[in-house]
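User: I'm new to this one. Can you walk me through some of its features?

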Amino acid sequence: MTPDLKDWKVVVYGLAKSGLAAIRLLRAKGARVTALDARTEEALGETARELKAQGVTLVTGPTPPGLLESQRLVVVSPGVPLALPEIQKARAAGVPVWGEVELAWRYLSHLPLIGITGTNGKSTTTALTGELFSRGGGRTFVGGNLGRPLAEAALSPGEWEALVVELSSFQLEGIDTLRPRGSTILNLTPDHLDRYASHAAYGEAKARIFRNQARGDFVVVNADDADVMRLAEAAKVPVYGFSLTGRPVAAAPRLAGMAVAQSGGFRFEGAGDKGESFTLTNRALRGGHNAQNAMAAALLARLAGVPHEAVQAGLDSYPGLPHRLESVRVLDGVEWVNDSKATNVDSVLVALRAFQKDVLLIAGGKGKGAPYKPMVDEGRGKVKGVLTIGQDAETLARAYEGNCPVYACGTLAEAVRQARILAKSGDTVLLSPACASYDQFQNFEHRGDTFKHLVREL
């Protein structure tokens, strides 16, 4: 299965992070690489200069006629749709077209790979699963759509004993032989409908994660999600579920075991005759959505052989991802939480469901046009005040008028100052903006880092 690519002519289409990692791997294997990107050389900047200095042929702008058909292999970045006419022509001419993860897998197929996909929660579940595997003592690569491209693992395959990989629908479109030892679809909600003809087509792309699994492999699915359960019917290996209710939404597929939420944690029936329980008290995993993520990660780890005590230790120690319900500090009984990644209303709803009462909400920024009423409704009885910032402050204020006090702060620094005055012991100050950050910050990371700095300076 491991290809000898020495002197192969290969085009890498798309020069984002995964495309550049693919180029490094191909060059290490002796391929003659042409880098193709729709952006101009000027727009690519330092990337263009570095590639040319390394001897990579750089082609920018529209794809020249016949370029892809003249190659031994085409490797596409996830952001490049496989439906593009030039890619279809290459395939018709018999040229293999692989995604970056497929290329990497060709050099990693001797290792167990845990593949994680879904619409929401992929990054948290991937990072958490990696933590559980590491607690089990294995040298674990964690990456894919999260952080490090899989091609980086292929550059040093001897360093790893297991691979935990986040896989987007775009990446799954580009697989051919990639075979996860364990796979999961966490959930499925409408997304990327600018790329897919329908929600069903989007689901079919996700379900490709099952396609190469065989005897000895396993699947983990969200038993509370009807769409996911329907997709799992295509699996040819044992299917395990996780559920907040313990009542799967569909009878098929028949589950080989299930993790079910209970007070203070969850229980897994299927790891042994008596089952086993896990506690879930880590603040980084608060909320129902994170209980689902934790159950999925624990199932993936346990079914792959990670000991129970290592899984529990990982659930306890997992630090969480930055800017996602990140607990910054507790000061005078007040917890300050950074959820800057919540750049839309739906994300704020998830955050609010993680708290029961006494929330001071910092929200605002560059609005996306969605109504804020769902936030207002979800916050009744728990949001005791809203501190507004950024361009959409007045729109937010109108939405909350008559529901709770609104404090016009303008800037994040002023919102933190006001929240320090208003908050009492037992309260939570939650930055969950529901808006993009670009009116006042470079990106959501810059906004979250600024919040953390301000809070730590209190």
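User: Take the second largest pocket. How do its lining residues divide by class?

Analyst: The lining of the second largest pocket has six nonpolar, six polar and four charged residues. Ala, Val, Leu, Ile, Met, Phe, Trp, Tyr, Cys and Pro count as nonpolar, Asp, Glu, Lys and Arg as charged, and the others, Gly among them, as polar. This is a predicted model, where local features need pLDDT of at least 70, side-chain atom pairs count only at pLDDT 80 or more, and totals for chains, interfaces and linings use all residues. Residues are numbered from 1 along each chain as its sequence is written, and side-chain values use heavy atoms, with hydrogens and water left out.

User: Which lining residues lie nearest the centre of that pocket?

Analyst: Leu 280, Leu 285, Arg 286, Gly 287 and Gly 288 do, out of 16 lining residues. Strand S12 (257-262) and H11 are the elements that give two or more residues to that lining.

User: Back to H11. Which residues of H11 and H12 meet?

Analyst: From H11, Ala 294, Ala 298, Ala 301 and Arg 302 meet His 308, Val 311 and Leu 315 of H12, where contact means heavy atoms within 4.5 Å. That contact has five nonpolar, one polar and one charged residues.

User: At what angle do H11 and H12 pack?

Analyst: H11 (residues 288-303) and H12 (residues 308-317) pack at about 150°, with axes 10 Å apart. The two are therefore roughly antiparallel to each other, a term for angles over 145 degrees.

Methods
Axes are lines fitted to C-alpha atoms, for helices over the stretch in contact, and angles run from 0 to 180 degrees between N-to-C directions. Helices (H or I, at least four residues) and strands (E, at least two) are DSSP runs, numbered from the N terminus. Angles under 35 degrees count as roughly parallel, over 145 as roughly antiparallel, 65 to 115 as roughly perpendicular and the rest as oblique. On a 1 Å grid over the protein atoms alone, a cavity is a set of points where a 1.4 Å probe fits but cannot get out, and a pocket is an open set with protein on both sides within 12 Å along at least five of seven lines; lining residues have an atom within 4 Å of a point.
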